[in-house]
Amino acid sequence: VSLNQNAILNALGFGGNASAVGGNGGAGTGGSVAVTTSEGGRITLPAAPDAGNTFGAIRMLAAGLGGNSFDGGQGGDGTGGTAVVVVDGQGAAAGATSITMGRAQISADGVGGTGLGGNTNDDADGGTGTGGQRTIGVTDGGVLNATMPFSGAAGVGGNGAGAGTGGDGVGGFELLLAQDATLNITGELKLGTDAIGGAGGAGGDGQGGVLTFNVNNVALNFTADPNGLTGLVLDANGTGGLGDLSDGGAGIGGQINAQILNSAFAGGQLIVTAEAFGGSGNTDNRDGGDATGGLIILSTNPSTIDATDAVTLSSNATGGDGGTGGTALGGDVSATFADTDITIDAVTHTESVMTVTSEATGGLGMTVGDAASGEVNVAFTDSSLQTDELRLSTNAASTNTATGATGGTAEANATTLQVQGLSNVEVGTLE
């Protein structure tokens, strides 16, 4: 694999690897990449990557990768840069300005370096990985034809060694702003600020970032790829790292704000998650990582959503396993539909479903972790919903599954469904 990672555009920052005993890896900071067109310009990239591209995607990278430590020390921090895609049709006829591309990976991820032990020092820490920022803008009659199934601003902590701590992962920022435009997506359009803590003697924390999705007067058209995948995926999940000798890392969900105005969504699933997963700790006497779900706010007015199979909003939390299980706190989810018609058709599933959840599950252990869910609020005003199943849940569980274990406390929060005005909700099953 070449240094540029088979990217057609790249501004990668590689931190140097240490070579002296106890040496730290160098920091790596990504730069900026941008592909833009305006005023009737057209960009057409390959519908499929070249046969020699082992990554299976057109790549535009502004990632930062920390270097590895040597015989102790700490892996370098990795910080993502900036990645931009803009289609600005101002001053041209509608549809005249466009970007067309096949399966594409456009990212500003941050990846911490690995802490490597050796003959002198068994213990080494992983570096912090912090996502940068990816921005997608399609405006004023612009058209984006693409397949984009990769997150844009993830943060991944480096692994530690021995009793060293895994690096923290911190999600970055994702923004999609589209107005008076068309998005034709084959397969998935994924926006993600996920974070994963590194593994080590103690796990690193993973904290999801901030994601904003805002469309106004936009046609969102989805077509299944050869694997049958299709839809919009918005993720800001946080996952704590595994603690081999000590505690698991904490998982913290991020924040997602999605607004669909005067627009038509057609042909795919809609998946929005700000979930949290605590890392597992040493099962003898250490704690599983705590998990705290993020915040999801979705609002529509007025629009149509013709989805396939599923519309899912989830801010669940699952504590990590350990001698003592991690605590789980679900996040809050708010979905407000005004003057919006929603139809979910089963295509690859046997039944269609809308699911909105903030569930909490305490981590397993000889003392099970406590659990408390967040709030779920779903409101329909002058709107309609047609689906086989509507599932709303704020369940909480802290269940003893091992002989001699002690269960924790569980507290469920409020689930609210409001149907008002000239609304019509037709479901086969309501849970």
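## Asp 247 and Arg 286

Arg 286 has a relative accessibility of 32% and therefore counts as partly exposed. In this predicted model, the side chain of Arg 286 meets that of Asp 247 in a salt bridge, with 3.2 Å from N to O. The two residues sit in distant parts of the chain, 39 residues apart: Asp 247 in the loop between strand 22 (238–239) and strand 23 (251–252), and Arg 286 in the loop between strand 27 (276–277) and strand 28 (291–292). Asp 247 is also partly exposed, at 25% relative accessible area.

## Salt bridges involving strand 17

The structure has four salt bridges. One of them joins Glu 174 to Arg 134, with the closest N and O atoms 2.8 Å apart. Glu 174 belongs to strand 17 (residues 173–192) and Arg 134 to strand 13 (residues 133–139), so the pair ties together parts 40 residues apart in sequence. Glu 174 is buried at 2% relative accessible area, and Arg 134 is buried at 0% relative accessibility.

Asp 235 forms a salt bridge with Lys 190, where the closest N and O atoms are 3.6 Å apart. Because Asp 235 lies in strand 21 (residues 231–235) and Lys 190 in strand 17, this pair ties together parts 45 residues apart in sequence. Asp 235 counts as buried, with 7% relative accessibility. Lys 190 has a relative accessible area of 19% and is buried, because the cut-off is under 20%.

## Negative surface patch

A patch of negative charge on the surface gathers Asp 306, Asp 339, Asp 341, Asp 345, Glu 351, Asp 382 and Asp 388. Among them, Asp 345 is found in strand 35 (residues 340–345) and is partly exposed, at 43% relative accessibility.

Definitions and conventions
Residues are numbered from 1 along each chain as its sequence is written. This is a predicted model: local features need pLDDT of at least 70, side-chain atom pairs count only at pLDDT 80 or more; totals for chains, interfaces and linings use all residues. Side-chain values use heavy atoms; hydrogens and water are left out. Patches are made of residues with over 30% relative accessible area and no salt bridge: like charges are joined within 9 Å, nonpolar side chains (Val, Leu, Ile, Met, Phe, Trp, Tyr) within 5 Å. Accessible areas come from the Shrake-Rupley method with a 1.4 Å probe; for residues, only the protein chains shown count as cover. Lys and Arg count as positive and Asp and Glu as negative; His and the chain ends are not counted. The place of a charge is taken as NZ of Lys, CZ of Arg, CG of Asp or CD of Glu. Helices (H or I, at least four residues) and strands (E, at least two) are DSSP runs, numbered from the N terminus. Buried means under 20% relative accessible area, exposed over 50%, partly exposed in between (1.4 Å probe, protein chains only).
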